[in-house]
Amino acid sequence: MKVLILLFYLSSVGGAWLLGTRTRDQDEEEPRKPKLPRDYLTGLNFLLNDETDKAVDIFIKMLEVDSDTVETHLAVGKLFRRRGEVDRAIRIHQNLIARPQLESIHREQAMFELGQDYLSAGVFDRAERIFTELTTDKTHSPKALLTLIDIYQQEKSWQKAIDAAVKYQTITKNNMYSVISHYYCELAEQAFNKNELHQADNYLENALAINKNCVRASLLFAKVRMRQGDYQSASRHLKKIRDQNPSYLSESIDLLAQCYEKLNLEEELVVYLKDLVEEHPRVPVVLILAERIRKWKGDKVAANFVVEYVRRYPSLRGLYLFVNLYISSVEGRAKEDLHILQNLMKKVLSNKPDYQCTSCGFSGKTLHWQCPGCRQWNTIQPIHSLEERTA
């Protein structure tokens, strides 16, 4: 592949030289016998001796940069970068930028490619400087801002990511509110982990101000209030998720049960959960409700409640919940058979992911607000929600 790239370069150098020679010959009465430049032969010798670095340096110097050849430089630089030979790509693009006669449009193209080179090499500080400079260029500003956003996400520089996203939204009119709300949530989580609860409040208020349906902000707000001992306020934030996005009810239901228990309102919790199951049937809701029924009326009544749910909304997780409750109410061979079924379902479910990305299909056991696969925000959802939605 290296040889092919360099041969492409050689043809460009040779073509440019021959064109120049032919033009000069047309102006002369007696055409001269064409002679290959000495540097061309030297570069070819380096190439044949597998000294590609030296060959690249020679050919870069030979190829005159103008409007006809700049695309050749850019194309070869991209080829080297895609091959993982970032050092060579950097040298080519730096050589372009250093040419004083280069037109501004081509200089900005070369700067953008050099920024991509540094990004590929993991040299984020240099890439950031280049793309920040390009944000003032009307042509490259949107792409430069998107690249800066990606850099800031990787560096976890969330305030910078917010600033870049706001500027990108202003320029392109593309809605970035959902993404920006996650950046504020990232800042809120950092503050929460440092026990800076007032600062966390401010970030979460900003998140909900620009995206009232931000489930993550409501969950974090509830955790902040629970740490402060304000379970009434925490439960209000958790109940908002029902309207924000019921697919994430499973993330809130256990916290909600804790709040009701702290407030000694378990009967009110059961009433609320029964209403919730009717509107949004979800296994985690049924699990919490079945546990409360079991405490008050025993395993058999709880199992009957769950089996009614499974009949209406069949799923492996629902069936597993029913077996766990029903197994204590039987004896003998039936109990042994149920133990076999219980262990089999437990094994099957342990190998199944709990969350899946609706964009790229990435799956896992942990909820990521930004998908590790496609890097989209808010595309990963609980599996049980996806299953029950299609049931």
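User: Which residues lie nearest the centre of the largest pocket, and how many line it?

Analyst: This is a predicted model. In it, 16 residues line the largest pocket, and Val-283, Pro-284, Arg-317, Asp-354 and His-384 lie nearest its centre. The space in this pocket comes to about 360 Å³.

User: Which elements give two or more residues to that lining?

Analyst: Helix H15 (249-262), H17, helix H19 (316-326) and H20 do. H19 gives the most, with 4 residues.

User: How does the lining of the largest pocket divide by class?

Analyst: There are 8 nonpolar, 4 polar and 4 charged residues in the lining.

User: Now salt bridges. How many does the structure hold?

Analyst: The general idea is that side chains of opposite charge can pair when their charged atoms come close. The structure holds 19 salt bridges. One of them joins Lys-160 to Glu-128, with 3.3 Å between the closest N and O atoms. Lys-160 lies in helix H9 (residues 158-172) and Glu-128 in helix H7 (residues 124-134), so this pair ties together parts 32 residues apart in sequence. Lys-160 is partly exposed at 41% relative accessibility, whereas Glu-128 is buried at 15%.

User: Which parts of the chain does the salt bridge between Arg-375 and Asp-150 link?

Analyst: The closest N and O atoms of Arg-375 and Asp-150 are 3.7 Å apart. The pair links the loop between strand E2 (363-364) and strand E3 (380-382), where Arg-375 sits, to helix H8 (residues 141-155), which holds Asp-150; the two residues are 225 residues apart. Arg-375 is partly exposed, with 36% relative accessible area, and Asp-150 is partly exposed at 23%.

User: What is the N to O distance between Arg-242 and Glu-279?

Analyst: Their side chains meet in a salt bridge at 2.5 Å, N to O. Arg-242 is in helix H14 (residues 241-244) and Glu-279 in helix H16 (residues 266-279), 37 residues apart. Arg-242 is buried at 13% relative accessible area; Glu-279 is partly exposed at 44%.

User: Which residues are linked in a network of salt bridges?

Analyst: Lys-78, Arg-81, Glu-113 and Asp-117 are linked in this way.

User: Finally, which residues form a nonpolar patch on the surface?

Analyst: Leu-341, Leu-344 and Val-348 form one, with about 230 Å² of accessible area together. Val-348 belongs to helix H20 (residues 332-350) and is partly exposed at 36% relative accessibility.

How values were computed: Residues numbered from 1 in each chain as written. Predicted model: local features only at pLDDT ≥ 70, side-chain atom pairs only at ≥ 80, totals over all residues. Heavy atoms only, no water. Patch = residues over 30% accessible without salt bridge, like charges linked within 9 Å, V, L, I, M, F, W, Y side chains within 5 Å. Areas by Shrake-Rupley, 256 points an atom, 1.4 Å probe, with all protein chains shown as cover. Salt bridge = Lys/Arg side-chain N within 4 Å of Asp/Glu carboxyl O. Buried < 20%, exposed > 50% of the residue type's maximum accessible area, 1.4 Å probe, protein only. 1 Å grid on protein atoms, 1.4 Å probe; cavity = no way out; pocket = protein on both sides within 12 Å on 5 of 7 lines; lining within 4 Å. Points joined across faces, edges and corners; volume = space filled by probe spheres on them. Nonpolar A, V, L, I, M, F, W, Y, C, P; charged D, E, K, R; others polar.
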